[in-house]
Structures are given as C-alpha cells and as structure tokens.
Amino acid sequence: MIKNSSTTPRHSATGAVDTAPVWQLLRRNISVWQLAGYAVANMVGLAIIVTALMFYTDATTTAGASEAADPFFSSSFEVISKEVEGIGLTPASFTPAEIADIKAQPWARRVGEFTPSRFTVNASVDLGARGMSSYLFMESIPDEFFDVRPRRWGFDPQDPFIPVIISKEYLALYNFGFAAPQGLPQLSEEVMQTVPMTFTLSGSDGLRASIAGGIAGFSSRMNTIAVPQSFMDWANSRFAPGEEALPPSRLIVEADPMLTDSMDAYLADHDLETSADRSDAGTGRIARFSAIAGGVVSAIGAVISLLAVAILFLSIYLILQKSRSRLERLMLLGYSPREVGRPLGRLLAGVNGAVALAAIFIMIIARTMWRPALAGLDLGGASLIPPVCVAIAFAVVITGANIATLRRHLGRLWWGD
C-alpha cells in the first residue's frame, strides 16, 4: 500500500487541488495518434448507428400534418372474415371467445368489430334530370380504424344528417362500369361529396324514416359503406327495438407488419380470410427488410465503436503502465487516485463529446441527401431528438466506462496491487 507523506499537493487560488503536475506528467506518455485513431474509429461507428436510426425513423414517419396520416411502415390493417363454403345457412360470424383469441395474438395490436345494421336502407340520389336509387347495407367500426377523418363525422338525432364513408372502388365501379354505359356523368371524389343523398330507413315493425345524408369521404382501407357508430347505435335501437345484436361477421385488425408471417399462419389454421389494406400492400415485407437492414447497419456501427473503445482501454492501460513510477511518487506526495485521474478523465470526456457532436453533424448532413427522395413519398417527418439522445447517451456511457477503468487501475497503484 502506498503511504502518503506529510507533503500535501499544491492548491489553486480557488482552493482546489492543483492537478497541473499530473497533467504535465501524463501528457508525455499520451500518443496523439492513438487518441486520434480512437476518435476517428468511434466517430465512424457512432455516425453509422445514429444515421441508420435517423433513416429508419424518417422512412417510417409521414411528413404530412394531417391527422389521418399514419406512419408508412408502422402497421397494416386487415379485414378478417370466416370462409364461406357452399350455401351458408347460418351466419359466418365471430364468437366472443374467437375475438378474444385474436386480440391475444402478438401480431394483433388492435381489433375492431364491424357492427351491421338491423334495418333496411334505400339510398336515392338526384342527378339533375335523372335520379338513381338503390338498396344498400351499412356498417360501422370504431373511428380509430379509419384512414380518413372527415370534418362532419357523427350523428345528432336532433339535427339528423347521415355522413357515410365508402370504398374508393365503389366510385371507380360507378364511373367506369355503370355511368358510361347508362349515359350518366362521371364524378370525381370532390363532386361526389357535394351530391345530396336521401336515406330511407325501414324497420321490421313497418317504421320508416327518410334522413338526409351524403358522402363524407372515401376509404382505401375497407370495402364497405361505413357510418358513424353513434348513428348505428341510434338506428338499430329505433328501427329494430328488442332485437338481439348480431355478432360481427368481420373484424378489422391493426397488425404488426413485422409479424405478418405469424398472422398468415394463424389465419390459415383457423380458416379465416383477409382483405388487406390496399394502400399498405407490401409494406409488411418492406418494413421487415427496413428493420433488418437497419439492424445490420447499426450492428456494424456498434462493432466498430466497441473495437475503438477496446483500443482506448488498452491505451489507457499502457499510459498508466508507462507512468507507473511517477504516479506512485505523486500519490506519495498526497495526490489521491481521483485527483491523479481527473486530468485524463477530462481529456476522455472532451474527446467523447467531440465524437458525439461529429457523429450528429454527419447524420444531419446525410439526412439532407435522402430527405428530398422521402419527401416525394410524404415521408421524412421524424424528429432529430431520438438519434441525438442516442449519441449523447453513448458518449456519456463510454466516458463513464473510461473513467471507471482509469480509477480502477489507479486504485491498484494506490493499494500497491
């Protein structure tokens, strides 16, 4: 064990221990090239990590400010129904136990039920000289599953108006399959949303009512005629009072795109069919590829950084071994291991901080190269905060590990180990 002499270390004007002699001793044994090599290698590794993270978050985050915008790779929506074979005499609906089992699956983030109407619906449209009417069906689903958010959405019995959301395919069928042969005008989505409609609702007890309505939006996600849940609850209770609620025959599932293989296997085992969100077609494979590629690139960066840190640990050990006899003398003069290691700790903290700032700067420069391409896909709206926090956290952790290693070696000298 090293014993302190009666001589005490010099103090600065502020009363703190003067560590200038320690620094003058240590810097003679510090290899600038070793330190520079560590800094460059660590910067490359950390830059790869934060750049890969930034690209992945940019590629999975929409740039638009619309409330309806969803992250491009964050989820896919599947409409699930049971297979119908031959003539189905009983409704192919889901039991509560089956719904609970689907909700418990790891690939199912959220599950919503389609609520069918228990009344008859006839819709009429006046297109100038020629009118058109047809029997329709209506369904409702929870609002959070829609890919569009119309402004006028909801139902008030005191001021009745029925907004509906229909599939974009229905409009395409009308324009290109019905309107042209019948001599009717083809209509855009904007025009269709201005066309007034009248819905005639009929109940099993003969009750009838005509309510004004209109198309509030068009969905690429689901193939149905959707109405607000508040209207469906009101209409079912009014036009089918006392009738038992029908079990849902279709479910909409927000699925994890990384687990679509597990979902496909489950659906096949339980004889279930799915109609995927057409706007998200293929995003499951793209999401998995992006995640795997990002993970591989980040792993490469982590390996480079860890090798650089290992080299730095070795350099610290060599510096201390070269300065062993002189460090022992400083400790005999009254310097503690903390005071002896403070100058080198400050140097390591400064180097790691500079490495983190350089990695962040490289990430920002790289981001300017891919943002124009992602902007064309309405992507690239991710925040810089997560990658910056990762870089800062990495620098803090590495600095802490460096200082802990330094103090451990100095402690061995202090105790004569």
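Arginine 250 counts as buried, at 18% relative accessibility; buried means under 20% relative accessible area, exposed over 50% and partly exposed in between (1.4 Å probe, protein chains only). The model is predicted: local features need pLDDT of at least 70, side-chain atom pairs count only at pLDDT 80 or more, and totals for chains, interfaces and linings use all residues. Residues are numbered from 1 along each chain as its sequence is written, and side-chain values use heavy atoms, with hydrogens and water left out.

Arginine 250 belongs to strand 11. Helices (H or I, at least four residues) and strands (E, at least two) are DSSP runs, numbered from the N terminus. The side chain of arginine 250 makes a polar contact of 2.5 Å with the side chain of glutamate 139. A polar contact is a pair of N or O atoms within 3.5 Å; within protein, one must be able to donate a hydrogen and the other to accept it, and residues adjacent in sequence count only if both atoms are side-chain atoms. The charged end of arginine 250 also sits over the ring of phenylalanine 114, 4.4 Å from its centre. For this term, NZ of Lys or CZ of Arg must be within 6 Å of the ring centre and within 35 degrees of the ring normal. Neighbours within four places in sequence aside, arginine 250 is in contact (heavy atoms within 4.5 Å) with residues including Val79, Phe94, Glu113 and Asn223.

Strand 11 spans residues 250-255, and six of its six residues are buried. Both faces are covered: Arg250, Ile252 and Glu254 lie on one side, and Leu251, Val253 and Ala255 on the other. Strand 11 pairs with strand 1 (residues 76-82) in the antiparallel sense over six bridges. Two strands pair if DSSP finds at least two bridges between them. Strand 2 (residues 108-113) is also an antiparallel partner of strand 11, over five bridges. Glutamate 254 is the bridge partner of phenylalanine 77 and of arginine 110. Arginine 110 in turn lies over the face of phenylalanine 145, at 5.1 Å from the ring centre.

The structure holds ten aromatic pairs. Rings of Phe, Tyr and Trp (its six-membered ring) pair if their centres lie within 6.5 Å; planes under 30 degrees apart count as stacked, over 60 as edge-to-face and the rest as tilted. Phenylalanine 119 and phenylalanine 239 form a tilted pair, with 5.9 Å centre to centre and 45° between the planes. This pair links distant parts of the chain, 120 residues apart. Phenylalanine 119 lies in the loop between strand 3 (115-116) and strand 4 (120-127), and phenylalanine 239 in helix 6 (residues 229-239). Phenylalanine 119 is buried at 8% relative accessibility, and phenylalanine 239 is buried at 0%.

Phenylalanine 155 and tryptophan 234 form another tilted pair, 5.0 Å centre to centre with 45° between the planes. Phenylalanine 155 lies in the loop between strand 6 (139-140) and strand 7 (162-167) and tryptophan 234 in helix 6, so the pair ties together parts 79 residues apart in sequence. Phenylalanine 155 is buried at 12% relative accessibility, whereas tryptophan 234 is partly exposed at 22%. Phe119, Phe155, Phe231, Trp234 and Phe239 form one aromatic cluster.

Aspartate 271 lies in the loop between helix 7 (260-269) and strand 12 (272-276). Its phi is near 55°, a positive value in a residue other than glycine. Most residues other than glycine have a negative phi. Aspartate 271 is partly exposed, with a relative accessible area of 47%.
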